[in-house]
Amino acid sequence: MGTILEVQGENPFRCRAYHNAARALLELPADLTEMIADGGLAEVPGIGETMHAKIVQLATTGSLPAFDKLRAQTPPGLLALLRVPGIGPKKIKALNEALDVRSLADLRAAAESGRIAKVKGFGAKTEANILEGIGFLEAVGGRILQHEARALAAPILEFVRGRPGVVRAEVCGSLRRREETIGDVDVVFSSATPAAVLDEFVALPGVAKTLGHGKTKASVLLPGFKTDQFVQCDVRGVADDQYAFALHYFTGSKAHNIAMRKRALARGLSLNEYALTAVDDDSKRIACRDEAELFQALGLEYVPPELRQDSGEFEAAEAGTLPKLVELGDLAGAFHCHSDWSDGEATLKEMAEGARALGLEYLGIADHSKSLAMARGLTVDRVRDQWRAIDALNAEYAGAFRVFKGTECDVLADGSLDYPDDVLEGFDYVVASVHSRFKMSRAEMTDRIVKAVSHPRVTMLGHATGRLLLSRAAYEVDLDAVIQAAAEHGTMIEINASPHRLDMDAVHCRRARKKGVTIVINPDAHSVAGLGDLDYGVSVARRAWLTRDDVFNTLPVAAAARRLEALRERGERL
């Protein structure tokens, strides 16, 4: 409300009253609802009688007519202009009055035509900065994939950790929680002299633009991986005795943080990004060297970042029943990998050696089936040729490593498979995947995939929804029905670990495991480097609460071979 009033040119003192109230609400020592009920809100500095009435109305009814009226008086696109770097409410008001600028499109048109430079108080330089700001805003608008965020964060973290006086530093935010896509990169560090570190940070040659630079925080734009794409990076410095609290707070998620603060309040404590103190005396501080001690202070086991979603972690942490999450080192092999027999880049031997270099005991090669001509899908004759090549390679390894014979078999439009049953029987395992007809109705696609996972020769379902993150939406399918069918027929479902897919997602993996479905983490590797994508699949598995016992390819080679052999020879399910 304060910002809208500023855009409207309201009295600065009135605008400031709303901003002061907003800051006061952010720093409340207790839950807002509780403070309204016990009258404590009325005693908070910065919240007068009129403001108190508005806050209570909004908090108790969910709406505020005064706010609705302000929004109705303001062109919808006008507030969006505040996102453009370097433009504040006063400039927006001036441009609206002088040039009738009401949206980002209006702003661009006015700047490109040279009209902004002629407005009093602006000039050519301001006009150029506005055009630059619009370009940055459009480039920053999207999210990035997890592997891109890791690549951006790694050198920043290394740089910060290497600065004199830095005690500890870590990536936080959605990247530390290993979310599918990342909005920006966040780093927290501890130091007695954070300002010096931040001065060096904003001066790095890789920084495209500095958005903000203070004594404890700096925000910059870093070049992304697409043309004219930029990613925001925020680096914060705190005292070392504040580090555990800052790391926890800026890791999030928001829902988890809210629940943690409520838990602290229930114990007479106040938790924020800098300290854990007594509610009645903020000088009484509870020292926490690290996050484990912070959780312990609130009667909880340490909660891994991937589980911090307020989705059951508090109950499990209090009861001591948090699972030991699967780790990358638990994986003994991988299936659903491609070679140059179809659309992969590397030979069978090169893929096998790449897997061995990662410490794996086995690798499954699952090249495309015959219908996927664009990916050089294998005819039946080429399948048999590949089997002989794999047999020769396994003979060469003499038990030191195992290559399994697989296929990524297309699920055709009617749910049938791309190879006849007598050919499917010759594979060690079968990955069934949809690669065509993505626009089928939800019912048709569901029936199609349910039929495939119910086939007695299908071992695992590949990339269950066909999505490509930030590029292609999932096709319409009832995943719960697919999961149920997989559970009934003993078919595994993969986590496709390609950072472009991460399919199935953590929510449905968790549901699948509760139904008794075995999960397999596959890299869908088309090159030796692609085998390294397994770690992104582990991210999904951890966010789904999976342990090593929930993931098929944590089994050592002999046990994995026995279970696959039972499937192949007897048509049974795992």
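## The start of the chain

Met 1 sits in the segment before α1 (2-7), where helices (H or I, at least four residues) and strands (E, at least two) are DSSP runs numbered from the N terminus. At 24% relative accessibility, Met 1 counts as partly exposed; buried means under 20% relative accessible area, exposed over 50%, and partly exposed in between (1.4 Å probe, protein chains only). Not counting residues up to four places away in sequence, Met 1 touches Tyr 18, Lys 54, Leu 64, Ala 66, Phe 67 and Leu 70, a contact being heavy atoms within 4.5 Å. Met 1 and Arg 71 are 70 residues apart in sequence, yet their C-alpha atoms are 8.6 Å apart in space.

A word on what you are looking at: this is a predicted model, in which local features need pLDDT of at least 70 and side-chain atom pairs count only at pLDDT 80 or more, while totals for chains, interfaces and linings use all residues. Residues are numbered from 1 along each chain as its sequence is written, and side-chain values use heavy atoms, with hydrogens and water left out.

## The whole protein

Let's step back for the overall view. The protein has 23 helices and 17 strands, and its C-alpha trace spans about 80 × 60 × 50 Å along the principal axes. Of its 574 residues, 50% are buried. Among contacts between residues at least 6 apart in sequence, 65% join residues at least 24 apart.

Pro 75 gives another example of two places brought together. This residue lies in the loop between α5 (65-73) and α6 (89-99), and at 19% relative accessibility Pro 75 counts as buried. Its C-alpha atom is separated by 8.1 Å from that of Ser 103, 28 residues apart along the chain.

## Nonpolar cores

A nonpolar core here is a set of buried Ala, Val, Leu, Ile, Met, Phe, Trp, Tyr and Cys residues joined through side-chain atoms within 4.5 Å. The largest one has 69 residues, and Leu 363, Ile 449 and Ile 521 touch the most other members. Leaving out residues up to four places away in sequence, Ile 521 touches Leu 331, Ile 495, Ala 497, Leu 534, Gly 537, Val 538, Ala 541, Val 551 and Asn 553. Apart from this core lies another, of 27 residues, including Val 166, Leu 198, Leu 222 and Val 235.

## Two pairs of helices

Ile 449 turns up again where two helices meet: Thr 446, Ile 449, Val 450 and Val 453 in α19 meet Ala 481, Val 482, Ala 485, Ala 486 and His 489 in α20. The residues of this contact divide into seven nonpolar, two polar and no charged. For these classes, Ala, Val, Leu, Ile, Met, Phe, Trp, Tyr, Cys and Pro count as nonpolar, Asp, Glu, Lys and Arg as charged, and the others, Gly among them, as polar. The axes of α19 (residues 442-453) and α20 (residues 479-489) come within 9 Å and cross at roughly 15°; axes are lines fitted to C-alpha atoms, for helices over the stretch in contact, and angles run from 0 to 180 degrees between N-to-C directions. α19 and α20 are therefore roughly parallel to each other (angles under 35 degrees count as roughly parallel, over 145 as roughly antiparallel, 65 to 115 as roughly perpendicular and the rest as oblique).

In the other pair, the axes of α9 (residues 146-161) and α22 (residues 534-543) come within 11 Å and cross at roughly 110°, so α9 and α22 are roughly perpendicular to each other. Gln 146, His 147 and Arg 150 of α9 make the contact with Asp 535, Tyr 536 and Ser 539 of α22. By class, that contact has one nonpolar, three polar and two charged residues.

Most residues other than glycine have a negative phi, and most peptide bonds are trans. Against that background, a cis peptide bond joins Gly 252 and Ser 253, with omega about 0°. Ser 253 lies in the loop between α12 (243-251) and α13 (254-266). Another cis bond joins Asp 503 and Met 504, with omega about 15°. Met 504 is in the loop between β16 and α21, and Ser 498 also has its place in the loop between β16 (492-496) and α21 (506-514).

Arg 178, in the loop between α10 (173-176) and β3 (181-182), has a phi near 60° and is buried, with a relative accessible area of 16%. Arg 437, in the loop between β14 (429-433) and α19, has a phi near 55° and counts as exposed at 53% relative accessibility.
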